[in-house]
Amino acid sequence: AKQPLSRRWRRANRSLTLTGPMDPSAPIPIHGLTWTELKAEARERLERGHGRARDLYRQVTEEARFEPESVGLADRWAAGWRQRFSLELPEVVRTISEEGETGTTAKVVLRLHDGWEVECVLIPMGRGRSTLCVSSQVGCKMGCTFCETAKMGLIRHLRADEIVAQVLTAKHVLGWPVRNVVFMGMGEALDNADALFQAIRVLNDPAGMAMGQERMTICTVGRVDGIERLAREGLKRINLSVSLNAPNDAARDRLMPVNRKYPLAELQRALTDYRPRRNFTLGVNVFLMPGLNDSREDAAAIAAFCEPIARVLVNVIPYNPGSDPLTRAPSGEEIDRFIGWLRDEGLPVRKRITKGRSVMAACGQLGNPEARDALREKKRLRTLS
């Protein structure tokens, strides 16, 4: 009998879902494994042919193809690889793009094996560099009132291979020039920490995609337990940013329900303690919403929140109205005024240029609100049957 996969791999690649777990008899997705894990699993599960594991790992992670017949294996041993291992990429449903001053912002809708869809976005950063914003969940349970994904609720977590597959599809199916990855698409990345950390290990593996940790960023709404766990993971070069958006508990409770569990004082403590390396700079994101968080007093309170944290960079992001907007988008004058107030408080600030708003690809605009209704209908039909 074959031995089970490592506990860490199983945690990372299970589907903690409302729709059922991953089939344990299904082939193992190679792109959910590090090279060391694949080597061990191939030796354990294959009678012959495991010596070609390195070649096939490179095929999968560097070219997004899985062709065991092409690496000199006899048909019988190649069939063994196909029976026990797999590469499954999501279906590209559609792409849509918007031209801007720094380049083309492009969004792709990807259909997963069970029919649910996620979105990821290629963001031009200027000077020929691009960042891929990937999803970690189908939907999200955090309930942020300004976010389109929140209207879906949480449908399911993505497995590690499904997170990595977004990068492989962007690079090798769509031909997008992906340099950096930010876990800031659909879902709260630290709510799916097992799969997130495994995906980072796969992306970072020098035997495969070899993407430096410093080229990856985790964005969180402020899950304190997730930040504390990240500190224990040993990912010292990974970047972290937090969506602050409101500088007092009353306002943040209304905008971001996670604040009721992890209020600002607790979040501030966790971020102050989080020091993975000496030169680490925390990203503090402020989604600027006219009439909700754009006063002079708000700027001063943001500065007070940041004061005990060793190094921060505040990113001011203009609010992007979705299907049910809370307010309007801020004007350029309002953005510049707020940035000026933050700088008066001594904070380093960066203004985020709005990219992809016209195609619902900007921050806070990813998601499919109809998906939640579809899940409820599936549940209803299952009950009736």
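Student: How many helices and strands are in the secondary structure of the chain?
Tutor: The chain has 12 helices and 14 strands. Keep in mind that this is a predicted model.

Student: What share of the residues counts as buried?
Tutor: Of the chain's 385 residues, 54% count as buried.

Student: And the surface? How much of the accessible surface belongs to carbon and sulfur atoms?
Tutor: Carbon and sulfur atoms hold 47% of it. The accessible surface of the chain is about 16,900 Å².

Student: What about contacts? What share comes from residues 24 or more positions apart?
Tutor: They make up 68% of the chain's contacts with a separation of 6 or more.

Student: New topic: rings. How many aromatic pairs are there?
Tutor: The count is six aromatic pairs. One of them joins tyrosine 274 and phenylalanine 280.

Student: Why is the pair of tyrosine 274 and phenylalanine 280 called edge-to-face?
Tutor: The ring planes of tyrosine 274 and phenylalanine 280 stand at 85°, and planes over 60 degrees apart count as edge-to-face, so the pair gets that label. Their centres are 5.3 Å apart.

Student: Are those two buried or exposed?
Tutor: Tyrosine 274 and phenylalanine 280 are both buried.

Student: What kind of pair do phenylalanine 287 and tyrosine 319 form?
Tutor: Phenylalanine 287 and tyrosine 319 are an edge-to-face pair. The distance is 5.9 Å centre to centre, with 80° between the planes.

Student: Where do phenylalanine 287 and tyrosine 319 lie?
Tutor: Phenylalanine 287 is in strand E12, residues 282–288. Tyrosine 319 is in the loop between strand E13 (312–318) and helix H11 (332–344). So the pair ties together parts that are 32 residues apart in sequence. Phenylalanine 287 and tyrosine 319 are both buried.

Student: Which residues do ring pairs link into a cluster?
Tutor: Phe146, Phe287 and Tyr319.

Student: Now cavities. How many of 30 Å³ or more does the structure hold?
Tutor: It holds one. The largest cavity has a volume of about 40 Å³.

Student: Which residues are closest to the centre of the largest cavity?
Tutor: Phe146, Lys151, Tyr319, Gly322 and Asp324 are closest, out of 11 residues that line it.

Student: Last one: charges. Which ring does the charged end of arginine 54 sit over?
Tutor: The ring of tryptophan 35, at 5.1 Å from its centre. Arginine 82 lies over the face of phenylalanine 66, and there the distance to the ring centre is 5.6 Å.

Note on methods: Residues numbered from 1 in each chain as written. Predicted model: local features only at pLDDT ≥ 70, side-chain atom pairs only at ≥ 80, totals over all residues. Heavy atoms only, no water. Phe/Tyr/Trp six-rings, centres within 6.5 Å; stacked < 30°, edge-to-face > 60°. Buried < 20%, exposed > 50% of the residue type's maximum accessible area, 1.4 Å probe, protein only. Helix = DSSP H or I, 4+ residues; strand = E, 2+ residues; numbered from the N terminus. Lys NZ or Arg CZ within 6 Å of the ring centre and 35° of its normal. Contact = heavy atoms within 4.5 Å. Areas by Shrake-Rupley, 256 points an atom, 1.4 Å probe, with all protein chains shown as cover. 1 Å grid on protein atoms, 1.4 Å probe; cavity = no way out; pocket = protein on both sides within 12 Å on 5 of 7 lines; lining within 4 Å. Points joined across faces, edges and corners; volume = space filled by probe spheres on them.
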